[in-house]
Amino acid sequence: MLWFGRRKNARLVDRELLRQAIVSAELCTSGEIRVSLAPFFWGNVRKAAERAFVRLGMTNTRDRNGVLFFVVPSRRAFVVLGDAGIHAQVGQAFWDDLARILTTHFKNAEFTAGLVAAISLAGEQLANYFPHQNDTDRNELPDEIDG
């Protein structure tokens, strides 16, 4: 578990629940899901997410089907990035649905619940385009939470 912020109303991000959500979501899909939690910073969240995407090797999957949830809980900010293989398959509604879930939960500082719901939806949707193949699938990226 990880605390963000020093204020009295700081919220808990449960890393183990997030890891379990990733493992569960990836049972249905060959897609790879990662979560990166960043401490507070004043910079551009999108640029930080793009750097994390590269640093975490999100482009190294066979089908280019990685999704990164980059979150700065102290700013209630997030960016969801998908690799080229996913972006070519899903429509804008996919990204909008994930953003809506996260925004709704983050407004109430429900970071773990929002991420678990978004990870679950991402896994369900990715299964439509990148179903799990028992004979050839392998976990290409770690399920542990970055940050």
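What share of the 147 residues of the protein chain counts as buried? The answer is 46%, where buried means under 20% relative accessible area, exposed over 50% and partly exposed in between, with a 1.4 Å probe and protein chains only. This is a predicted model, in which local features need pLDDT of at least 70, side-chain atom pairs count only at pLDDT 80 or more, and totals for chains, interfaces and linings use all residues. Residues are numbered from 1 along each chain as its sequence is written, and side-chain values use heavy atoms, with hydrogens and water left out.

Start with the overall layout. The protein chain has five helices and five strands. Both are DSSP runs numbered from the N terminus: helices are H or I with at least four residues, strands E with at least two. From the N terminus on, the order is β-β-α-β-α-β-β-α-α-α. Contact means heavy atoms within 4.5 Å. Among contacts with a separation of 6 or more, 67% join residues 24 or more positions apart.

Now look at strand E3, residues 32-37. Six of its six residues are buried. Glu-32, Arg-34 and Ser-36 point one way. Ile-33, Val-35 and Leu-37 point the other way. In a regular strand the side chains alternate between the two faces of the sheet.

E3 has a partner. Six bridges join E3 to strand E4, residues 66-72, and the two run parallel. Strands pair if DSSP finds at least two bridges between them. Leu-37 stands opposite Val-71 in E4. From E3 the chain passes through helix H2, residues 45-55, to E4, in a right-handed β-α-β crossover. Right-handed means that, with the strands pointing away from the viewer, the path from the first strand over the helix to the second runs clockwise.

Next comes helix H4, residues 92-106. Its 15 residues reach 21 Å from first C-alpha to last, close to the 21 Å expected at 1.5 Å a residue. That expected span is 1.5 Å times one less than the number of residues. The buried residues of H4 are Phe-94, Trp-95, Leu-98, Leu-102 and Phe-106. Seen down the axis of H4, they fall within an arc of 95°, so they line one face of the helix. The arc is that of the directions from the helix axis to the C-beta atoms. Their cover includes E4, strand E5 (77-82), helix H3 (84-87) and helix H5 (111-129).

Finish at His-105, also in H4. Leaving aside neighbours within four places in sequence, His-105 is in contact with Glu-110, Ala-113 and Gly-114.
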